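This report describes the fold, the surface and selected local features of one protein model. The sequence and the structure are shown first.

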Amino acid sequence: MSNCKNSTDAPAVAIRPRVPSPRNPLLSSIPITHVCGYADALSNCASVLGAIADLFGGNAKDCGYKTLASKQAQYGVWLMLNGVIGVLEAAARIEPSRNDLKEVTAIFTRAETETLREMADARNLSVEELVESLVKAGLTAEVPA
């Protein structure tokens with residue numbers, strides 16, 4: 001059956017409302033394959049597990065609440081735990097990228113640390129930002145053979 005007003009009109013195009021694809025609320029807007037998205041996803045999972053641990057951590061007599069007394073509450077916890085499972089399974093499938101950030105530890109004397117602090121203050125940077133910029137500049141500079 002046509003949605004046209006009369007048979008001489010062009011056929012109507014069915015318009016479907018745009019439905020967003022389902023998304024796991026534990027994932028951030030940064031893709032999980034990126035080091036920051038990966039860290040956010042795992043942190044969000046830890047937060048959910050912490051909330052559930054708090055939920056079960058009390059005694060109903062002492063705390064004054066019943067744990068998962070309704071079917072709705074039970075289903076809600078099931079949904080949260082399945083979300084955590086989905087994120088952890090996705091994280092386990094990710095191959096580490098050579099482009100991911102790597103952390104390096106550097107040890108400085110007190111005098112060196114004070115010099116870095118002064119340099120950072122002069123540039124309105126944190127010491128970490130200053131050291132990162134110095135290292136990056138050094139890595140891109142031509143090193144004489």
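## Fold and surface of the model

From the N terminus on, the protein chain runs α-α-α-α-α. In total, five helices and zero strands are present, where helices (H or I, at least four residues) and strands (E, at least two) are DSSP runs numbered from the N terminus. The model is predicted: local features need pLDDT of at least 70, side-chain atom pairs count only at pLDDT 80 or more, and totals for chains, interfaces and linings use all residues. Residues are numbered from 1 along each chain as its sequence is written, and side-chain values use heavy atoms, with hydrogens and water left out.

Of the 145 residues in the protein chain, 12% are buried (under 20% relative accessible area; exposed is over 50% and partly exposed in between, with a 1.4 Å probe and protein chains only). The protein chain exposes about 12,400 Å², of which carbon and sulfur atoms supply 58%; accessible areas come from the Shrake-Rupley method with a 1.4 Å probe.

Two residues are listed below with their location and accessibility.

N124 is not a glycine, yet has a positive phi of about 60°. Most residues other than glycine have a negative phi.

Y38, together with L42 and L88, makes a nonpolar surface patch of about 220 Å².

Technical notes. Patch = residues over 30% accessible without salt bridge, like charges linked within 9 Å, V, L, I, M, F, W, Y side chains within 5 Å. Salt bridge = Lys/Arg side-chain N within 4 Å of Asp/Glu carboxyl O.
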